[in-house]
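Colleague: I'm new to this one and would like a walk through it. Could you show me how to read its features as we go?

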Amino acid sequence: MKYVDGFVLPVPKKNLKAYARIASQAGKVWMEHGALEYRECAGEDLKVKWGTGFPKLAKLKSGETVIFAWIVYKSRKHRDQVNAKVMKDPRLNEMMKDQEMPFDPKRMAYGGFEVLVDM
């Protein structure tokens with residue numbers, strides 16, 4: 001059964017280009033180490049009429065948008081193997097070296113999910 005790491009995080013709109021640059025580099029690392037899919041999406045239509053919208057969920061501040069992201073793996077075991085390789089990859093540390101993060105990582109929500117429906 002496929003497995004997904006999911007992420008929701010607020011990013012200042014003024015930092016979206018910097019965030020996209022880092023996400024593109026990170027995505028290449030994950031894909032090279034075996035991830036099946038890597039997606040990073042910026043909120044665009046976030047005014048919902050029912051339920052809890054992402055702005056409320058992510059406790060957005062003025063000038064921020066939401067990033068909704070996910071990485072797909074073959075299984076939980078595969079995810080753990082890929083992430084172990086990714087965390088040892090020196091390119092991740094090099095990316096962040098001498099660079100301020102374009103978002104507050106303490107406000108990021110994430111977790112691992114078993115796929116229930118796959119069409």
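Colleague: Which residues of α3 are buried?

Modeller: A word on the model before that. This is a predicted model, where local features need pLDDT of at least 70 and side-chain atom pairs count only at pLDDT 80 or more, while totals for chains, interfaces and linings use all residues. Residues are numbered from 1 along each chain as its sequence is written, and side-chain values use heavy atoms, with hydrogens and water left out. Now your question: the buried residues of α3 are H78, R79, V82, N83 and V86. Buried means under 20% relative accessible area, exposed is over 50%, and partly exposed is in between, with a 1.4 Å probe and protein chains only. Helices are DSSP runs of H or I with at least four residues, strands are runs of E with at least two, and both are numbered from the N terminus.

Colleague: How do I read a list like that on a helix?

Modeller: Start with the general idea: an α-helix has 3.6 residues a turn, so residues three or four places apart point the same way. Here, the buried residues of α3 are H78, R79, V82, N83 and V86. They cover an arc of only 125° around the axis, which puts them on the same side of α3. The arc is that of the directions from the helix axis to the C-beta atoms. Turned away from that buried side is a face with the exposed residues K77, M87 and K88.

Colleague: What about α1, which of its residues are buried?

Modeller: In α1 they are Y19, I22, A23, A26, G27, V29 and W30. They cover an arc of only 160° around the axis, so they sit on the same side of α1. The face turned away from the buried side of α1 carries the exposed residues K17, K28 and E32.

Colleague: And how far does α1 reach from its first C-alpha to its last?

Modeller: The 17 residues of α1 reach 24 Å, close to the 24 Å expected at 1.5 Å a residue. The expected span is 1.5 Å times one less than the number of residues. For α3, 13 residues (76–88) should span 18 Å, and its end C-alpha atoms are 19 Å apart, which agrees.

Colleague: Let's move to rings. How do I read an aromatic pair?

Modeller: A pair of aromatic rings is described by the distance of the centres and the angle of the planes. Rings of Phe, Tyr and Trp (its six-membered ring) pair if their centres lie within 6.5 Å; planes under 30 degrees apart are stacked, over 60 edge-to-face, and the rest tilted. This structure holds five such pairs. One of them is W30 with Y38, tilted, at 6.0 Å centre to centre and 40° between the planes. Both W30 and Y38 are buried. Another tilted pair is F68 with W70, at 5.3 Å centre to centre and 50° between the planes.

Colleague: Now charges. How many salt bridges are there?

Modeller: A search of the whole structure finds eight. A salt bridge is a side-chain nitrogen of Lys or Arg within 4 Å of a carboxyl oxygen of Asp or Glu. Take K2 and D118, whose closest N and O atoms are 3.6 Å apart. That pair links distant parts of the chain, 116 residues apart: K2 lies in the segment before β1 (3–12) and D118 in the segment after β4 (109–114).

Colleague: Which helices hold R91 and E32?

Modeller: The side chains of R91 and E32 meet in a salt bridge, 2.8 Å from N to O. R91 lies in helix α4 (residues 90–96) and E32 in helix α1 (residues 16–32), so the pair ties together parts that are 59 residues apart in sequence. R91 is partly exposed at 34% relative accessibility, whereas E32 is exposed at 55%.

Colleague: Which residues are linked in a network of salt bridges?

Modeller: D5, R76, R79 and D80. Within that group, R79 bridges to D80 with their closest N and O atoms 3.0 Å apart. R79 counts as buried because its relative accessibility is 14%, while D80 is partly exposed at 36%.
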